[in-house]
Amino acid sequence: MAILEVKELEVFYGVIQALKGISFEVNPGEIIALIGANGAGKTTTLQTITGLIPSKTGHIVYDGADITKMPGHKLVAMRMAHVPEGRRVFAQLTVLQNLKLGAYTRKDKGEIEDTLKMIYQRFPRLEERKNQMAGTLSGGEQQMLAMGRALMSHPKLIVMDEPSMGLSPIYVNEIFDIIQNINADGTTVLLVEQNAKKALSIAHRAYVLETGKIVLSGDAQELMNDDSVKKAYLSE
């Protein structure tokens, strides 16, 4: 059974329709990529799934429960985490304070400490900088912090919006390696990414959005070899 099902989702910004009845699903253990040009509706899709934007019609089912009208903060307790576009770390708080905020729905202090140790193993730089203000980190380090903060909630599904945006090539490769490692450890990933080549290289399946509609879907490797995808998204 799918861990996430999106059914006939329509979203409007005033009179402008951003999503035009999209449907897709994410199965447990997958990395699913949503690719498309700017303005295609990728970020809107993620923000609607995670309760930040209301839908006009359609349904969202997560882990067997209808979450269509559920506010975002309740989804964290249901083990869905969102790494937003632009990282959105709390600049005036330390790295450690940011990470602990990610665990605000969890009650067992021992388990939280165990998760924190795991985060530090995965992101050694965060441990080195745990007492540093988050706003003083580099872009790549802030992205790692945003991912680490999301993982502190111990999610079943992690939703990531443009994790490579604005990063140097070295950091881009590192971030994508980390996404694969997170997935290998059992967390399902829904990834929105402008860098379609990198996204397809690590995804199991992918969906292509154009102006609020899904126009293509399938195995990620097959889409990488699709002529229309190559021409639109993979040309250097």
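1. Arg-106 counts as buried, at 16% relative accessibility. In this predicted model, Arg-106 forms a salt bridge with Glu-111, and the closest N and O atoms of the pair are 3.9 Å apart. Glu-111 is partly exposed, with a relative accessible area of 44%. The pair therefore joins a residue under the 20% cut-off for burial, Arg-106, to one that is partly exposed, Glu-111.

2. The count of salt bridges comes to seven. One of them is formed by Arg-122 and Asp-185, whose closest N and O atoms are 2.5 Å apart. This pair links distant parts of the chain: Arg-122 belongs to helix α4, while Asp-185 sits in the loop between α7 and β8 (188-192), 63 residues apart. Arg-122 counts as buried at 18% relative accessibility, whereas Asp-185 counts as exposed at 57%.

3. Glu-30 and Arg-205 form another salt bridge, with 2.8 Å between the closest N and O atoms. Here too the pair links distant parts of the chain, 175 residues apart: Glu-30 is in the loop between β2 (16-26) and β3 (31-35), and Arg-205 is in strand β9 (residues 205-210). Glu-30 is buried, with a relative accessible area of 10%.

4. Salt bridges also link Glu-128, Arg-129 and Glu-141 in a network. Glu-141 is one of the buried residues of α6, which is the subject of the next point.

5. How many residues of α6 are buried? The answer is twelve of its 13, so the helix is mostly covered, with buried meaning under 20% relative accessible area. Among the buried residues are Gly-140, Gln-142, Met-144, Ala-146, Gly-148, Arg-149 and Leu-151. The buried residues of α6 pack against the helices α3 (95-101), α4 (109-122), α5 (124-128) and α7 (169-184), and against the strands β6 and β7 (157-161). From its first C-alpha to its last, α6 reaches 18 Å, close to the 18 Å expected at 1.5 Å a residue.

6. The largest pocket holds about 580 Å³ of space. Its lining is made up of 22 residues, and those nearest the centre are Val-76, Ala-81, His-82, Pro-84 and Arg-149. Arg-149 is also listed with the buried residues of α6.

7. Which elements each supply at least two residues of the lining of the largest pocket? They are α1 (42-49), α2 (72-77), β6 (80-83) and α6 (139-151). The most comes from α2, which gives four residues. Of these elements, β6 is also one that the buried residues of α6 pack against.

8. Two backbone angles deserve a look. Most residues other than glycine have a negative phi. Arg-79, however, has a positive phi, near 70°. Arg-79 lies in the loop between α2 and β6, two elements that each supply at least two residues to the pocket lining. Arg-79 is partly exposed, with a relative accessible area of 28%.

9. Thr-211 is another residue other than glycine with a positive phi, near 40°. Thr-211 lies in the loop between β9 and β10 (213-219). Thr-211 counts as exposed because its relative accessible area is 53%, above the cut-off of over 50%.

Key:
Residues numbered from 1 in each chain as written. Predicted model: local features only at pLDDT ≥ 70, side-chain atom pairs only at ≥ 80, totals over all residues. Heavy atoms only, no water. 1 Å grid on protein atoms, 1.4 Å probe; cavity = no way out; pocket = protein on both sides within 12 Å on 5 of 7 lines; lining within 4 Å. Points joined across faces, edges and corners; volume = space filled by probe spheres on them. Expected span 1.5 Å × (residues − 1). Buried < 20%, exposed > 50% of the residue type's maximum accessible area, 1.4 Å probe, protein only. Contact = heavy atoms within 4.5 Å. Salt bridge = Lys/Arg side-chain N within 4 Å of Asp/Glu carboxyl O.
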